[in-house]
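Here are my notes on this one, jotted down as I went through it. Have the model open while you read.

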Amino acid sequence: MWCLELLLPLLLIIKDVSGQWNVWIPRDISAMTNSCVVIPCTFMYPSGIRLHYGIHGIWYFGQPYPQLFPPVVFKTRTDIVHESYQGRTKLIGDLHQRNCTLLISNIGTEHSGRYYFRADLGGANIYTYPDFSELKVLDQPNIDIPEEIVADENLELTCYAPDNCPENSPEIQWMYTDYLPEPEYTSDYVAESNTAVLSSTLTFTPRPMHNGQLLGCRVSYPNTTLVYERLISLDVKYAPRSVWVNVSAEVMEGSSVTLHCEVDSNPPPRISWLFGDQEQLWDTASNASLSLEDLTPSQEGIYTCVGDNGYGVMNTSMYLAVLYPPSEPVVNGSLTILEGSSISLQCSTQGNPTPTLTWLKDGELVGTITAAEVSVLELLKLTPQGDGQYRCLAENEHGRASSSLNITVEYAPVLLDESKCTVVREGVQCVCMATGNPAPIIEFYLPDKNITVNDTDGRYNYYTHTDGHTSTGMIKLREKGERLGNGAVNVHCSISNTYGSESFHLELQQEKKYMMAVIVGTIGGVAVIAFIIAAVRYVGHNNKKENGNPGQDLVSKLENPALYYSTVKKDKQCLRKKVGEDGDYQPVGSMADLERQELNYAALEFLGGRSRDGGTSGRGDDGSDYTEIKAK
């Protein structure tokens, strides 16, 4: 109140420089419940106004305009005021001195709000000032608490009590400070917005252990029963002080385990479980558990629990060992290389205990067996025989695993021995076979005709087939005129791929089955001729006996040779068809007919032939003697 007593005289000497309607009141003012409050006020009006009926004043609550019917707090012309202010308000300023200061006693929280002053100078000179004073009625003192209370950092807490009631002055005490380390107290009297406020400041350095502790500020008015208290709980922020996790452990593959983590910090931290540098789980809490089900070898390693609450970071790690058979080895990808190149194959795996590594090619051991998690196989100057599947086998006492890769060796085409030309019934067949990677392209060339055959032609049957790295081409020459003068076939085979090309002349070779047919046919022909000769001799011998000359030498008695011929069929049924039922001679036919019927014949000479009884003999027109042989 000392400040108000000094302030009011100063307000009254302010001159009306502008000659306008103006008012000065504190924008904010506070008071404790059941106490009183004084709202300082001074006003001004235009100097040209003459006061014939004196000056009257009105205080409104909530609204400045009478037409809105705001509650009347105080009115000089009458005692009629709002019921909540009956007997509680008093104008302690002199309106003729332009002092409109208002006293409100025994206030309650319902009196908190805005207060407006209205000047009535008579006649039309009535004006409600738009400026207001906002009253805050408190039921407990204010404590100024920093936004953050951080451990091991200096802290100041200030308790405020308004001193705007001239009847009483407050006193401030701090409560529950016995556990604080070396607390310090300072008091101050502050004039804020032209209102009086008493303050007391408590200074100390909090520790993490003070988090959650209670502190209190008590305001009392001497010689009254008015006592006000406020309690606060210290929210001391501190970085994680400890992180607890399980001890390191060994578990079998396929089993389950739960990893626990507890962190002491404020605020609660963001707890993260990391496997390596990969986050597995996180939660904002004081503890978190990571459950691992059906463990696999890939889950073996270091697990770290990290607590971070923005004020600090702390972590603790543990090692989880998983006993397991070797994991699938990691090998090079499949490769395609050129013949003569060298490469290195690498194989790596993981297992507990450490596995042995073995390299196999198409099931056969290559290289050496290595007791390590990494093995390198050197392949130098690869040939086409190096083409195939390479497998890395990893083994330990818990099992085995393997991985494979394919190596493809590319090389220029090579002609195979099966390439040749052979005589077949339809003509000549030429086959060209070659191996290479990529598979060779095969073409045939006929130099005599300057023709490259790589498609079906009216005179040629062309065919190609590829099986893996081997290509086969075949051409059939229907015209045997493609032979050279010496009986050879003039056919060239061209083979080519990305790495080269060659051309070869194909030699003519007789097929075994064709040669055999020629040999068998020749032997059969000789045998048939021998049979015919024997049959003819037998028939001639019988004729001699019928003529009565069984023992006489035919050569010496015949004077003129006669030519007779006979046909003998392989099939006797065919022979009978050539002779009529009456026994007369029937023509055999031309030589061409004999060839079509596959007949054999022989020519016989009968010297001095004579006819038998019933037979016919004579001399032909050409003067030759003849004898007719009849079949009976």
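**Notes on the cores and the surface**

1. Start at Phe-117: beyond its neighbours within four places in sequence, it is in contact (heavy atoms within 4.5 Å) with Cys-41, Phe-43, Gly-57, Ile-58, Trp-59, Leu-95, Cys-100, Tyr-127, Thr-128 and Tyr-129.

2. A caveat on what we're looking at: this is a predicted model, where local features need pLDDT of at least 70 and side-chain atom pairs pLDDT 80 or more, while totals for chains, interfaces and linings use all residues. Numbering runs from 1 along each chain as its sequence is written, and side-chain values use heavy atoms, with hydrogens and water left out.

3. Which residues touch the most other members of the largest nonpolar core? Phe-43, Trp-59, Tyr-115 and Phe-117 do, out of 29 residues. Strands (E, DSSP runs of at least two residues) that each supply at least two residues of this core include E2 (28-32), E5 (56-61) and E9 (113-120). E9 gives the largest share, 3 residues. Apart from this core lies another, of 25 residues, with Leu-138, Ile-143, Ile-172 and Tyr-221 among them. (A nonpolar core is a set of buried Ala, Val, Leu, Ile, Met, Phe, Trp, Tyr and Cys residues joined through side-chain atoms within 4.5 Å; buried means under 20% relative accessible area, exposed over 50%, partly exposed in between, with a 1.4 Å probe and protein chains only.)

4. Tyr-176 sits in the loop between strand E15 (171-175) and strand E16 (184-192), and is partly exposed at 47% relative accessible area.

5. Overall, 38% of the protein's 632 residues count as buried. The protein has 48 strands.

Technical notes. Helices (H or I, at least four residues) and strands (E, at least two) are DSSP runs, numbered from the N terminus.
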